[in-house]
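This briefing accompanies the structure shown below. Its points are grouped by topic for use alongside the sequence.

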Amino acid sequence: MRSTHLATLTITALAGSALLALAATRPPAAGTISGTVTFTGTPPKMKPIDMAKEPSCAKQHATPVMTENVVTGPNNSVQWAVVYVESAEAGGAAATEAARYDQKGCQYIPHVAVLQVNQPLDIYNDDQTSHNIHPLATVNPEWNKSQPPGAPPIHATYAKPEFIPVKCNVHPWMHGYFVVLNTSHYAVTGEDGAFSLKGLPPGKYTVTAWHEKFGKQSQEVTVGTGETPPVKFVFKALPY
Amino acid sequence: MKLQTQWAALGFGLLTLSLAGTVAAQQVKVGNLTGDAAAGKKEYRRYCIGCHGPNGDGTGENAQWIDPKPRDFVAASFKCRSTPTGTLPTSTDLFNAMTRGFVNTNMPSWLPLPAQTRANLVAYIETFSPRWKTQGSGTPITIPAEPAADIQSILRGRATFQKLECWKCHGTTGHGDGPSASTLTDSKDNPIRPFNFSVATRFKCGATNADLYRIFMTGVDGTPMPSFADQLQPNEAWDLVHFLRTLEPLETPEAGIWNAWLPAHEKELQPLGEQGQ
């Protein structure tokens, strides 16, 4: 009947608007630490890589690729910084999905691969030339394997946290990193230097930013029930 | 003996035993010998410490003057192994390396030391890295019997040398002058040269065909030389060994076969290196 319909409609409308109001005033996702990694000063200039010794790779790049040890972006942002939560024991979910590392155009893609301890890693050679994959571990065992074109992926795991430089001896310009962490709360900054660590229960955390040239910086961050203020890491850059 | 003295003697005996236990109570087996780390420690301080250092990390006082640098036993990445890349050698591997010495380096052959002394040193060396206890030695690779060398084997080995791009470091004639040779560095960033087959020197890890087989099937850890174990079947590996022997100015059976065959067939050969790609 009309009055019942009207009543139902009103109640629904009221409930709906109440929900909307609630959503509007609910604080942004708690349990997230986000921020940026930037630099002050003058960073070293990246240099173009001469791949003339490997024509099959040189021709894959219309313009020479640049070295990647210090990659910066707009607003003094730092790329390839790894930001993570320090934890004495493994924090967060264990990783079962394999991470992937490609040798393509005689470069390592991604430049920095982050893994958790014991997470499987698959290494692919997408090039027409042989590479040798030589992770220079010191805490974990150091190994060195040849991977010709068309060879199946190489599978590796690392049992201990470590920052491992990776090189190819055949192509001396190739440099990368395996960053092995014992937490799932990590992020790698892109060109905008931004990072976001989600899903953190309330508490005090030591957050560390690592960069292959700039080193490490740590900050104590408290995650409460409300929004955590953005965390800024600023590295001092020198031109050499 | 009075009772008090007896008890004192027992107590003293127990104390001595427990103290001995704290100084590297470790023994390793090398063939029929049992090496003892505590005895090895004394001998290390006499023979090894000058180069390998009191902490076993290769920073002895002589290290600054020599190249290549002494082995870092703490990092425990060893060149000459019978075990796969990334794994520890066996105690026998260490014993053999110490006995043989390393040609073209400052590591002499320690054959003049009694075998028991060398075994003791192996036991002591295995105390520098915790990985000897946590991981232990790797499993030695299986080396199947070597097939007879013939020209077909050598030619297959030559094709493998080209396909696996060995020439990129070792050069097309094995002179160690390949396109990547001049930029090679070891795992501690020291410059290092690839093996030069044309100077007839012994390989780092021995002089026989089996030693050569083992070098590229286990890799030379700590150097740019990778393991090709995932890429080569055993018969392909033996073919490569036969070809590599033809690069050396030695009167080996393989060189004899190759030099007899070459004059009539040289023009048939595909070039090696970039031209052969």
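Strands here are DSSP runs of E of at least two residues, numbered from the N terminus. By that convention, A:Pro110 lies in the loop between strand 6 (107-109) and strand 7 of chain A. The model is a predicted one.

**Backbone geometry**

- The peptide bond that leads from A:Ile109 to A:Pro110 is cis, with omega near 0 degrees.
- In chain B, B:Asp67 and B:Pro68 are likewise joined by a cis peptide bond, with omega about 0 degrees; B:Pro68 sits in the loop between helix 3 and helix 4 (91-100) of chain B.
- A:Cys106, which is not a glycine, has a positive phi near 55 degrees. This residue belongs to the loop between strand 5 (99-104) and strand 6 of chain A.
- Is A:Cys106 buried or exposed? A:Cys106 counts as buried because it has 23 C-beta neighbours inside 10 Å, the cut-off for a buried residue being 20 or more.
- B:Asn104, also a residue other than glycine, has a positive phi of about 65 degrees and is located in the loop between helix 4 and helix 5 of chain B. With 13 other C-beta atoms within 10 Å, B:Asn104 is partly exposed.

**Strand pairing in chain A**

- Strand 13 (residues 175-181) of chain A has six of its seven residues buried.
- Strand 7 (residues 112-116) of chain A runs parallel to strand 13 and is joined to it by five bridges; within this pairing, A:Val114 stands opposite A:Val179.
- Strand 12 (residues 162-167) of chain A runs antiparallel to strand 13, with six bridges between them, and A:Pro165 is placed opposite A:Tyr177.
- Four strands of chain A form an open sheet in the order 14-4-16-17, with antiparallel pairing. Its edge strands, each pairing on one side only, are strand 14 (186-188) and strand 17 (215-223). From one strand to the next, the twist averages 15 degrees.
- Three bridges connect strand 4 (residues 82-85) of chain A with strand 14 of chain A in antiparallel fashion; A:Val83 has A:Ala187 as its bridge partner.

**Nonpolar core**

- The largest nonpolar core contains 94 residues, and those with the most contacts inside it are A:Ala81, A:Val82, A:Val83, A:Phe178 and B:Val122.
- Domain 1 (26-134) and domain 2 (151-276) of chain B both contribute residues to this core, so it lies between them.
- Leaving aside residues up to four places away in sequence, A:Val82 touches A:Val112, A:Val114, A:Val179, A:Tyr186, A:Val188 and A:Trp210.
- In soluble globular proteins, nonpolar side chains tend to be buried together.

**Chain B and its helix 2**

- Chain B contains eleven helices and two strands, arranged along the sequence as α-β-β-α-α-α-α-α-α-α-α-α-α.
- The C-alpha trace of chain B spans about 95 × 40 × 35 Å along its principal axes, and 38% of the 277 residues of chain B count as buried.
- Of the contacts in chain B between residues at least 6 apart in sequence, 59% join residues at least 24 apart.
- Which residues of helix 2 (residues 37-47) of chain B are buried? They are B:Ala37, B:Gly40 and B:Tyr44. These residues cover an arc of only 45 degrees around the axis, and therefore lie on the same side of helix 2.
- An α-helix has 3.6 residues a turn, so residues three or four places apart point the same way.
- The buried residues of helix 2 of chain B are covered by elements including strand 2 (33-36), helix 3 (49-52) and helix 5 (115-125) of chain B. Exposed residues B:Arg45 and B:Arg46 are carried on the face turned away from the buried side of helix 2.

Conventions: Residues are numbered from 1 along each chain as its sequence is written. Chains are lettered from A and ligands numbered from 1 in the order in which they are written. This is a predicted model: local features need pLDDT of at least 70, side-chain atom pairs count only at pLDDT 80 or more; totals for chains, interfaces and linings use all residues. A residue is buried if 20 or more other C-beta atoms lie within 10 Å of its own, exposed if 12 or fewer, and partly exposed in between; C-beta atoms are placed from the backbone. Two strands pair if DSSP finds at least two bridges between them. The arc is that of the directions from the helix axis to the C-beta atoms. Two residues are in contact if their C-beta atoms, placed from the backbone, lie within 7 Å. A nonpolar core is a set of buried Ala, Val, Leu, Ile, Met, Phe, Trp, Tyr and Cys residues joined through C-beta atoms within 7 Å. Domain bounds come from an automatic or database domain assignment. Axes are lines fitted to C-alpha atoms, for helices over the stretch in contact, and angles run from 0 to 180 degrees between N-to-C directions.
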